[in-house]
Amino acid sequence: MMRFFSMIISIIFLSATVAANEYYLLPEHKSDLMYTLKQKISRADTITIISSQLESPSLAKSIEKAIQNGSYLHLVTSDLNSAAYYAKYKQTQIKVPASNRITETFSINILLIDQSDVCFSSVEFSEEILMKKIGMVTCTTNREDIDFTMQIKKSFFERFEDYNQ
């Protein structure tokens, strides 16, 4: 009997691990992706976005609402328009590259919610691009992926400069 319960518990943990990964093929699953991202943002204490561009009205609305409710935004971007848009909020820390050379080749797109969820995207978090380009977004709660993202964030925060300088 004890063996049976051990097997059941193992199956539950394995299925929970599998269920922690979400995949979105773009542009077909854009609306599902946006719904998921807005849900994750709405419950976040800290939102970290590393993206060459962040120009999505629906995400912006969710991010702004989260900031108004006490969340913090850490944004690493090569797009000065995106940086300027979010710089108006006190609870933000925005980093931009020091040189234009980096701006031209910056193509990492990650969204980290607290230290519990991370989404990797092959395309920028821009409404127009999400609707038109073919790409993939993977969201996971995998601890190794989150730790890897924290290392990326740390590296960019050390190498990039504050937007508000």
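Modeller: A salt bridge here is a side-chain nitrogen of Lys or Arg within 4 Å of a carboxyl oxygen of Asp or Glu. This is a predicted model, in which local features need pLDDT of at least 70 and side-chain atom pairs count only at pLDDT 80 or more, while totals for chains, interfaces and linings use all residues. Residues are numbered from 1 along each chain as its sequence is written, and side-chain values use heavy atoms, with hydrogens and water left out.

Colleague: How far apart are the closest N and O atoms of Asp117 and Arg43?

Modeller: They are 2.5 Å apart, and the two residues form a salt bridge. Asp117 is in strand β7 and Arg43 in the loop between α2 and β2, so this pair links parts of the chain 74 residues apart. Helices (H or I, at least four residues) and strands (E, at least two) are DSSP runs, numbered from the N terminus.

Colleague: Which residues are linked with Asp117 in a network of salt bridges?

Modeller: Glu22, Lys40 and Arg43 are linked with Asp117 in that network. For Lys40 and Asp117, the closest N and O atoms are 3.1 Å apart. Since Lys40 belongs to helix α2 and Asp117 to strand β7, this contact ties together parts 77 residues apart in sequence.

Colleague: Is Asp117 buried or exposed?

Modeller: Asp117 is buried, at 7% relative accessibility; buried means under 20% relative accessible area, exposed over 50%, and partly exposed in between (1.4 Å probe, protein chains only). Lys40 is also buried, at 8%, whereas Arg43 is partly exposed at 44%.

Colleague: Turning to the sheet, what is the strand order?

Modeller: The open sheet has 8 strands in the order β1-β9-β7-β6-β2-β4-β5-β10, with mixed pairing. Two strands pair if DSSP finds at least two bridges between them. The edge strands, β1 and β10, each pair on one side only.

Colleague: Why is β2 described as largely enclosed?

Modeller: Of its 6 residues (46-51), 5 are buried, so the rest of the structure largely encloses strand β2.

Colleague: In what sense does β2 pair with β4, and with β6?

Modeller: With β4 (residues 72-77), β2 pairs in the parallel sense over 6 bridges, and Ile50 has Val76 as its bridge partner. With β6 (residues 110-113), the pairing is antiparallel over 4 bridges, and Ile47 stands opposite Ile113.

Colleague: And what joins β6 to β7?

Modeller: These strands run antiparallel and are joined by 4 bridges, with Phe120 in β7 as the bridge partner of Ile110.
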